[in-house]
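Please view the sequence and the structure together before reading the points.

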Amino acid sequence: MIKINKRIVPIALAVCLTVSSASAAAPAYSTTASAKSYVYVAASGNGACYHTSKNCSRMRGRVVKKTKKAAKRQGYRACKKCYR
Ligand SMILES: [Zn+2]
């Protein structure tokens, strides 16, 4: 019995680790999944706004796509042209 238990423990630990790492990663995924709307911000970091279109005339230079939630969290505001 003890021998069997010793064999199970590492597996149980491994399962525990995979589960905890999965649940640790889950919030980031679930937030992106629930906020499926993506926005575009300037890759330079100089842009203060996020845009619904990467072709927005207010957008300059390279564009980075991210979730609206992430953009808001990073201090971006809604572009007045895209969100009017
Ligand atoms: Zn815009």
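The points below cover the model, its fold, its core and some individual residues.

The model is predicted: local features require a pLDDT of at least 70, side-chain atom pairs count only at pLDDT 80 or more, and totals for chains, interfaces and linings use all residues. Residues are numbered from 1 along each chain as its sequence is written. The protein chain has 2 helices and 4 strands, where helices (H or I, at least four residues) and strands (E, at least two) are DSSP runs numbered from the N terminus.

**Confidence**

- The average pLDDT of the protein chain is 77, and 62% of the residues score at least 70; pLDDT is the predictor's confidence in each residue, from 0 to 100.
- Over residues 30-35 the pLDDT is below 50, and this stretch has 5 contacts in the model beyond near neighbours in sequence. Two residues are in contact if their C-beta atoms, placed from the backbone, lie within 7 Å.
- Where pLDDT is low, the predicted coordinates should not be read in detail.

**Overall fold**

- Read from the N terminus, the order of elements is α-β-β-β-α-β.
- Of the 84 residues of the protein chain, 13% count as buried. A residue is buried if 20 or more other C-beta atoms lie within 10 Å of its own, exposed if 12 or fewer, and partly exposed in between, with C-beta atoms placed from the backbone.
- Among contacts in the protein chain with a separation of 6 or more, 50% link residues 24 or more positions apart.

**Core and strand 1**

- The largest nonpolar core has 9 residues: Val39, Tyr40, Val41, Ala42, Cys49, Tyr50, Met59, Ala71 and Cys79. Two or more residues of this core come from each of strand 1 (38-42) and strand 2 (49-50), and strand 1 gives the largest share, 4 residues.
- A nonpolar core is a set of buried Ala, Val, Leu, Ile, Met, Phe, Trp, Tyr and Cys residues joined through C-beta atoms within 7 Å.
- Strand 1 is mostly covered, with 4 of its 5 residues buried.
- Strand 1 and strand 3 (residues 63-67) run antiparallel and are joined by 5 bridges; two strands pair if DSSP finds at least two bridges between them.

**Valine 64**

- Valine 64 lies in strand 3 and is the bridge partner of valine 41.
- Valine 64 counts as partly exposed because it has 15 C-beta neighbours inside 10 Å.
- Leaving aside residues up to four places away in sequence, valine 64 touches Tyr40, Val41 and Ala43. The C-alpha atoms of valine 64 and tyrosine 40, 24 residues apart along the chain, are separated by 5.5 Å.

**Arginine 58 and cysteine 79**

- Arginine 58 is in the loop between strand 2 and strand 3, and it counts as partly exposed because it has 13 C-beta neighbours inside 10 Å.
- Residues up to four places away in sequence aside, arginine 58 touches Cys49, His51, Cys79 and Lys81.
- With the C-alpha atoms 9.3 Å apart, arginine 58 and lysine 80 are 22 residues apart along the chain.
- Cysteine 79, a member of the largest nonpolar core, touches Cys49, Tyr50, His51, Cys56 and Arg58, not counting residues up to four places away in sequence.

**Cysteine 82**

- Cysteine 82 is placed in the segment after strand 4 (77-78).
- Cysteine 82 has 16 C-beta neighbours inside 10 Å and therefore counts as partly exposed.
- Beyond residues up to four places away in sequence, cysteine 82 touches His51, Thr52, Ser53 and Cys56. From cysteine 82 to threonine 52, 30 residues apart in sequence, the C-alpha to C-alpha distance is 5.9 Å.
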